[in-house]
Amino acid sequence: RGLYSSMLTLLWTFVLAFVFIYLYAVLGLELIAKSSHRIDPEFDAVAQLHFGSLGQAVLTLLQFMTLDSVGPMYRGLILKAPGLAFYFVSYLFVVCIALMNLVTAVMVETSMRQANEDREAAKAWHAAKTKRAVPKLRRMFRALDADGSGEITVDELCSAPSDVVEGLKSITGQEDIAELFRLLDYDDSGSLTI
């Protein structure tokens with residue numbers, strides 16, 4: 001549910017990532033492709049391969065965003081034109097690190113909030129279940145009080161009709177009736193009051 005509830009955030013993250021990639025692609029075309037004919041043939045070859053068109057630049061930056069074999073791509077360009085280090089390092093910091101960490105943080109925060117809401121819902125469900133069980137438990141305890149004293153002893157509990165015992169087991173989730181009595185008899189008096 002945490003991933004499902006963060007879908008809108010993921011959608012906006014993809015939009016934001018595309019905007020950054022597009023802006024850096026246009027900037028890369030201006031900085032790299034337009035100046036490639038003035039530096040040297042090796043630079044020109046790498047620049048044309050990775051930044052020859054807007055589509056190539058977008059694919060290159062998408063590859064760069066995933067850090068998929070990017071060393072050979074930018075190393076040759078930076079060695080020939082050191083000013084491009086600012087371009088690649090800023091892209092690395094803004095898109096690859098900051099944006100992806102922001103996405104991770106938002107998804108984790110959304111998942112944590114969802115888990116908290118699930119815990120609160122479970123508490124509310126348990127409280128409602130307990131509230132619904134109280135009248136039924138009162139009726140069962142009255143049926144268990146064989147001598148009408150207003151107290152139930154372990155003998156009365158153990159000699160109760162099987163349908164009452166089974167109902168008590170299903171409500172409390174306790175299989176051993178003697179153990180259930182011991183848990184409910186918090187003052188060790190040997191009897192339970194209704």
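Which residues of helix 9 (residues 177–184) are buried?

## Helix 9

Ile177, Leu180 and Phe181 are the buried ones in helix 9; buried means under 20% relative accessible area with a 1.4 Å probe, counting protein chains only. They sit on the same side of helix 9, because they cover an arc of only 100° around the axis, taken from the directions from the helix axis to the C-beta atoms. An α-helix has 3.6 residues a turn, so residues three or four places apart point the same way.

What lies over them? The cover includes strand 1 (151–153), helix 7 (154–158), helix 8 (162–172) and strand 2 (191–193). Helices (H or I, at least four residues) and strands (E, at least two) are DSSP runs, numbered from the N terminus.

## About the model

This is a predicted model, where local features need pLDDT of at least 70 and side-chain atom pairs count only at pLDDT 80 or more, while totals for chains, interfaces and linings use all residues. Residues are numbered from 1 along each chain as its sequence is written, and side-chain values use heavy atoms, leaving out hydrogens and water.

Leaving aside neighbours within four places in sequence, Leu77 is in contact (heavy atoms within 4.5 Å) with residues including Ile32, Phe51 and Phe88.

Technical notes. Buried < 20%, exposed > 50% of the residue type's maximum accessible area, 1.4 Å probe, protein only.
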